[in-house]
Amino acid sequence: MLSKQNVHDHLFARYLRSDIELVDPLIELFFTPGSQLSLWTQSVLPISRGTVKINSTDPADFPVINPEYLTSEVDIEIMTRASRRLGEIVSTPPFSELLAPTAFAESGMPALNATDDEWRVWMLETLASSLSS
C-alpha cells in the first residue's frame, strides 16, 4: 500500500511530465454565461486536508471547520497551472471575443508570458472557495 506522501509524489510527477497522458483529470474549468461572464477552475483531486472539530457539547452549535486549502505544494502547483490555463483560454476565441479589450488587464490576471511565480502569487491572492452555506 502506498503512503500518503508516495501518492502525492506519484500524482505530482505524473502531472508535471508532459510525455504521458493523465487518466484522471486534476482540474475542472467552468463557464457561466449571462450578463456577466464567469470562468473559474477548481481541483477535483486536492491533496490538502482540513479538519472539522466539535465546538461544544451543544449539538446545535456549529463545528469548527478549517479547510486548510492549498497546504500541499502539489495543490499549489496544480492550481497555479490551472490559473495559467484559464488565462490562455480567456485570451483566445471564442472567449476573447466576449470580453472588453481591457477586461484581462482589469482582472489583475498576469500576462500570459508571466513567470510561474507571478501566476502563483496571483492565484494565492485571488483564490476563493466555491462552497456556499
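Modeller: Please note that this is a predicted model. In the protein chain, Trp-119 is buried, and Trp-122 is buried as well.

Biologist: What makes Trp-119 and Trp-122 an aromatic pair?

Modeller: The structure holds one aromatic pair. Trp-119 and Trp-122 form that pair, with 5.9 Å from centre to centre. Ring centres must lie within 6.5 Å to pair, so the two rings qualify.

Biologist: Why is the pair of Trp-119 and Trp-122 called edge-to-face?

Modeller: The angle between the planes is 85 degrees. An angle over 60 degrees counts as edge-to-face, and therefore the term applies.

Biologist: Where do Trp-119 and Trp-122 lie?

Modeller: Both belong to helix α5 (residues 116-126), where they are three residues apart, about one turn of the helix.

Biologist: Why is Ser-72 called buried?

Modeller: Its relative accessibility is 9%. Ser-72 sits in the loop between β4 (64-66) and α2. Beyond its neighbours within four places in sequence, Ser-72 is in contact with Ile-47 and Ser-48. Across the protein chain, buried residues account for 23% of the 133 residues.

Biologist: Which residues are the closest to the centre of the largest pocket?

Modeller: The largest pocket contains about 950 Å³ of space. Of its 32 lining residues, Trp-40, Thr-41, Met-79, Leu-127 and Ala-128 are the closest to its centre.

Biologist: Which elements supply at least two residues each to the lining of the largest pocket?

Modeller: These are β2 (38-43), α2 (73-90), α4 (103-107) and α5. Strand β2 gives the most, with six residues. By kind, the lining divides into 19 nonpolar, 10 polar and three charged residues.

Biologist: What is the pattern of the protein chain along the sequence?

Modeller: The protein chain has five helices and four strands, and they follow the pattern α-β-β-β-β-α-α-α-α. Among contacts between residues at least 6 apart in sequence, 46% join residues at least 24 apart.

Biologist: Where in the protein chain is confidence lowest, and where is it highest?

Modeller: Confidence is lowest in helix α1 (residues 4-16), with a mean pLDDT of 53, and highest in strand β3 (residues 51-53), at 95. The protein chain averages a pLDDT of 79, and 75% of the residues score at least 70. Where pLDDT is low, predicted coordinates should not be read in detail.

Technical notes
Residues numbered from 1 in each chain as written. Predicted model: local features only at pLDDT ≥ 70, side-chain atom pairs only at ≥ 80, totals over all residues. Heavy atoms only, no water. Phe/Tyr/Trp six-rings, centres within 6.5 Å; stacked < 30°, edge-to-face > 60°. Buried < 20%, exposed > 50% of the residue type's maximum accessible area, 1.4 Å probe, protein only. 1 Å grid on protein atoms, 1.4 Å probe; cavity = no way out; pocket = protein on both sides within 12 Å on 5 of 7 lines; lining within 4 Å. Points joined across faces, edges and corners; volume = space filled by probe spheres on them. Nonpolar A, V, L, I, M, F, W, Y, C, P; charged D, E, K, R; others polar. pLDDT = per-residue confidence, 0-100. Contact = heavy atoms within 4.5 Å.
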